[in-house]
Amino acid sequence: MDATCKQWVQDLEKRLESFRVSVVARGSRRIYVDVAPQYSREANRILFEEFEGRLATATGMDTPLRIEVLYHYCLDTDGIVVTLRTWTDKDQCELDSVATLFEGANFIEREIHDLLGVRFRHHPDPRRLILADNWPEGVYPLRRDFATRRDRTETPEFLRELTREVTTP
Amino acid sequence: MKRTIVPIGPFHPIQEEPEFFQLTVEGETVVDADVRLSYNHRGIERLCQDLTYDQIPFLLARICGICSASHPMAFCQAGEDLIGVEVPPRGQFLRTIICELERIHSHLLWVGLAGHFIGYNTVFMWAWKYREPILELFEQLLGNRNHYENFCIGGCRRDIPQDKLPLISKALDDVEGPVEMLTKAVLDDPVLKVRLGGIGILTVEQARRYCTTGPTARGSGVNIDVRHDEPYAAYDQIDWQVHVQPAGDVLAKAVVRLLETMESIQIARACIERIEPGAFRAEVREVPEGEGIGHAEAPRGETFHYVCSDGTNYPIRYKVRAPTYVNLPSFRASVIGQELADAMLTVAAMDPCYSCTERMAVVRPRRGEQREIIDQKTLLKMSWDKTERIRRNV
């Protein structure tokens with residue numbers, strides 16, 4: 001770990017102390033911060049406004065126990081990427097929206113909702129982004145339980161419905 | 001005043017790619033804008049989970065037909081971050097040369113299109129003519145005009161032999177003169193200054209709030225460039241500079257792209273001087289558990305890739321973010337208050353790249369409804385007419 005990265009880790013630990021986060025540096029330019037869901041919006045605000053991070057994107061990930069959302073911030077002055085990892089359980093599946101803070105998070109939160117079913121509370125524009133208008137509600141293609149091409153033996157019923165709709169004039 | 005809704009797309013008005021813009025206009029002025037994308041989501045992130053680390057770059061090269069080196073570049077860096085492997089010097093220089101040649105042909109493509117939209121069809125013909133030798137060079141060196149497929153985790157898949165390097169130097173020499181001429185022509189042309197200056201403005205604050213990248217951000221005075229901020233490949237071993245223009249209008253973005261093209265020629269040339277024979281690929285045997293992040297500066301801005309591995313040959317999650325994904329929403333900020341004739345140019349200034357194919361959409365008025373539908377031809381005509389008016393008055 002080089003000196004600049006070490007300095008950022010210390011600054012982040014100090015500023016986010018009250019959120020009981022864990023800050024880990026991997027390699028010389030990557031920092032990973034785990035932050036509990038109730039503090040995620042505030043932590044994002046601090047990263048964007050106080051640390052002047054640029055939100056590169058967010059990654060939604062379905063893991064066996066929970067759904068994780070990783071917000072990747074680039075600190076362009078030093079070329080460091082800080083990843084804020086937060087999570088939600090699969091039943092509740094709800095997080096505070098970061099798009100209320102700045103426009104850059106708008107598209108990606110809509111995408112994560114489409115693909116993984118995470119609802120973002122108070123999102124300014126919660127319309128669909130990725131999925132087609134006639135895609136059924138509650139089917140999330142990036143979830144682990146969604147039948148994949150590899151292990152699908154037959155076409156799911158709703159997909160057959162969709163195809164029918166397209167081919168009938 | 002009466003408000004009219006103008007639908008543009010989903011067939012994109014400018015580049016033959018699907019995208020839907022809904023502009024609300026009062027008279028000739030745009031007062032609101034809405035953007036819809038993803039008319040054909042290809043599910044590449046999901047497909048990557050079924051591919052091995054050796055296969056993924058081939059799929060990623062096909063994300064985009066123009067910047068097909070940038071996505072594999074970001075992937076390789078994510079992989080190298082995950083695995084912790086060092087690329088040998090020759091591999092780094094080869095990567096830099098390919099990325100910069102790609103930037104040259106991509107920016108020339110944009111210059112041509114931009115010329116077409118304002119009625120400068122000669123610029124369109126010229127720019128595309130000068131771009132052609134670069135594509136032919138790629139075919140000669142790597143076997144394909146566009147999908148070069150030369151990157152893999154640890155370095156490059158194939159070497160460019162030392163005796164082929166003069167071919168690159170010659171192509172660079174050939175393209176330098178015309179690019180210089182184009183740059184001067186744009187900077188000195190009074191009509192272009194009036195036509196492109198002051199339209200589609202994106203302020204520094206907006207550029208930051210929308211998290212824009214690449215020439216879109218640099219044309220708004222935001223000094224960011226991954227090549228400079230987190231140097232990858234050989235960018236830290238060469239002297240070069242980041243071009244930033246503060247104005248934020250279409251002219252500023254055009255100037256940034258032209259100056260960058262000149263800079264790319266210099267970078268590629270410096271690489272050819274510095275490159276030495278040697279290994280071009282490091283061997284990779286095991287992929288450990290963990291996460292990796294890689295980003296690279298594509299011609300249109302930063303491509304950002306994230307990979308999560310469980311130690312097997314397949315990633316458990318792969319995330320791709322293309323530059324247009326963050327640049328496109330900023331269209332809303334830059335188009336409101338513009339004339340309708342400038343709307344196309346404002347989109348074009350971002351050099352959008354949706355890279356996907358299309359479902360069909362039909363625009364028709366509801367029964368009994370009187371609605372004016374403005375098509376691509378009319379929009380293009382409006383833009384050309386405006387240039388013509390300015391030309392007459394200058």
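**Two predicted chains, questioned**

Author: Chain B has an average pLDDT of 87, and 92% of its residues reach at least 70; pLDDT is the predictor's confidence in each residue, from 0 to 100. This is a predicted model, in which local features need pLDDT of at least 70 and side-chain atom pairs count only at pLDDT 80 or more, while totals for chains, interfaces and linings use all residues. Residues are numbered from 1 along each chain as its sequence is written, with chains lettered from A and ligands numbered from 1 in the order in which they are written.

Reader: Where in chain B is the pLDDT below 50?

Author: Over residues 355-363 of chain B. That stretch still has 20 contacts in the model beyond near neighbours in sequence, a contact being two residues whose C-beta atoms, placed from the backbone, lie within 7 Å. Where pLDDT is low, predicted coordinates should not be read in detail. For the complex, the predictor gives an ipTM of 0.88 and a pTM of 0.88.

Reader: What makes α6(B) and α11(B) roughly antiparallel?

Author: Helix α6 (residues 165-188) of chain B packs against helix α11 (residues 250-274) of chain B at an angle of about 160°, their axes 10 Å apart. Axes are lines fitted to C-alpha atoms, for helices over the stretch in contact, and angles run from 0 to 180 degrees between N-to-C directions. The cut-offs are under 35 degrees for roughly parallel, over 145 for roughly antiparallel, 65 to 115 for roughly perpendicular, and oblique for the rest. So α6(B) and α11(B) come out as roughly antiparallel. The helices themselves are DSSP runs (H or I, at least four residues; strands are E, at least two), numbered from the N terminus.

Reader: Which hand does the crossing of α6(B) and α11(B) have, and what residues make the contact?

Author: The crossing of α6(B) and α11(B) is left-handed, which means that the near helix is turned anticlockwise from the far one by less than a right angle (clockwise would be right-handed). Among the residues in the contact are B:Leu172, B:Val175, B:Val179 and B:Val186 from α6(B), with B:Val255, B:Leu258, B:Met262 and B:Ile265 from α11(B). By class, the contact of α6(B) with α11(B) counts 16 nonpolar, three polar and three charged residues. Nonpolar covers Ala, Val, Leu, Ile, Met, Phe, Trp, Tyr, Cys and Pro, charged covers Asp, Glu, Lys and Arg, and the others, Gly among them, are polar.

Reader: How do you know how α5(B) runs relative to α6(B)?

Author: The axes of helix α5 (residues 121-142) of chain B and α6(B) come within 10 Å and cross at roughly 165°. That angle therefore makes α5(B) roughly antiparallel to α6(B). This crossing, too, is left-handed. B:Trp126, B:Tyr130 and B:Leu137 are among the α5(B) residues that meet α6(B), whose own side includes B:Ile168, B:Val175 and B:Leu182. The contact of α5(B) with α6(B) has 13 nonpolar residues, one polar and one charged.

Reader: Why are β6 and β8 of chain B said to stand at the edges?

Author: The open sheet has three strands in the order β6-β7-β8 (chain B), with antiparallel pairing. β6 and β8 of chain B each have a single partner strand, so one side of each lacks a neighbour in the sheet. Two strands pair if DSSP finds at least two bridges between them, and β6(B) and β7(B) are joined by ten. Helix α3 (residues 70-83) of chain B lies across β6, β7 and β8 of chain B, at about 150° to β6(B).

Reader: What does chain B use to touch chain A?

Author: In total, 23 residues of chain B are in contact with 23 residues of chain A. β6 (289-298), β7 (301-310), β8 (315-321) and α12 (323-327) of chain B each give two or more, and β7(B) has the largest share, four residues. The chain B side holds ten nonpolar, three polar and ten charged residues.

Reader: And in chain A, what makes the pairing of the five-stranded sheet mixed?

Author: The order is β1-β2-β5-β4-β3 (chain A). Strand β1 (residues 22-26) of chain A pairs with strand β2 (residues 30-34) of chain A in the antiparallel sense over five bridges, whereas β2(A) runs parallel to strand β5 (residues 80-89) of chain A, also over five bridges. A:Val23 has A:Val33 as its bridge partner in β2(A), and A:Ile31 stands opposite A:Val82 in β5(A). β1(A) and β2(A) form a hairpin with three residues between them, where A:Gly27 in the turn has a positive phi of about 70°.
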